[in-house]
Amino acid sequence: MGQVTDLLFVLWFQWNVFGAAIASVIAQLFSFLFCLKQIKKIPHIQLQKSDWKLDRKMAGELFLFGLPITLQFIVIPYYQYHKRLLLSK
C-alpha cells in the first residue's frame, strides 16, 4: 500500500517530499483500520466507546516514559552531523 501511494503522489502528482509524507499517513491509516478490523474478530476482546476516551494521567506517564528516547533520537544525530562537519574541514 505504501509503495503504491508513494509512487502515485511523488511521481504522478509531482508532490515530492510532501507526497511521500501524505502517502505514509494514508498507509498508516489503512494499517490501523486493518488491525482494528482484525481485533474485532477476536471473540474475547470487546472494544467499547469508553475505551477510546483519552486518559490524561496515562498519556502524561507515557509521554514522560518516551521522553528520554525521544531526546536521544534528537541529540545523537545532531552531534554526529556536527562532528562530521568539523572533521571534514
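Colleague: Happy to dig in! What are the ground rules?

Modeller: This is a predicted model, where local features need pLDDT of at least 70 and side-chain atom pairs count only at pLDDT 80 or more, while totals for chains, interfaces and linings use all residues. Residues are numbered from 1 along each chain as its sequence is written, and side-chain values use heavy atoms, with hydrogens and water left out.

Colleague: Why is Thr5 called buried?

Modeller: Buried means under 20% relative accessible area, exposed over 50%, and partly exposed in between (1.4 Å probe, protein chains only). Thr5 has 8% relative accessibility, so Thr5 counts as buried. Thr5 belongs to helix α1, residues 2-12; helices here are DSSP runs of H or I with at least four residues, numbered from the N terminus. Beyond its neighbours within four places in sequence, Thr5 is in contact (heavy atoms within 4.5 Å) with Ala23 and Ile26.

Colleague: What makes Lys57 and Glu61 a salt bridge?

Modeller: The term requires a side-chain nitrogen of Lys or Arg within 4 Å of a carboxyl oxygen of Asp or Glu. Between Lys57 and Glu61 the N to O distance is 3.0 Å, and the structure holds one salt bridge. Lys57 and Glu61 are separated by about one helical turn because they sit four residues apart in helix α3.

Colleague: How do you know which of the two is exposed and which partly exposed?

Modeller: Lys57 has 61% relative accessibility, so Lys57 counts as exposed. Glu61 has 42%, so Glu61 is partly exposed.

Colleague: Now the rings. Why is the pair of Phe9 and Phe13 stacked?

Modeller: There are five aromatic pairs in the structure. For Phe9 and Phe13, the centres are 5.8 Å apart with 25° between the planes. Rings of Phe, Tyr and Trp (its six-membered ring) pair if their centres lie within 6.5 Å; planes under 30 degrees apart count as stacked, over 60 as edge-to-face and the rest as tilted, so this pair is stacked.

Colleague: And what makes Phe32 and Trp52 edge-to-face?

Modeller: Their centres are 6.3 Å apart and their planes stand at 85°, so the pair is edge-to-face. This pair links distant parts of the chain, with Phe32 in helix α2 and Trp52 in the loop between α2 and α3, 20 residues apart.

Colleague: Why does Trp52 count as exposed, and Phe32 as partly exposed?

Modeller: Trp52 is at 52% relative accessibility, so Trp52 counts as exposed. Phe32 is at 42%, so Phe32 counts as partly exposed.

Definitions and conventions. Helix = DSSP H or I, 4+ residues; strand = E, 2+ residues; numbered from the N terminus.
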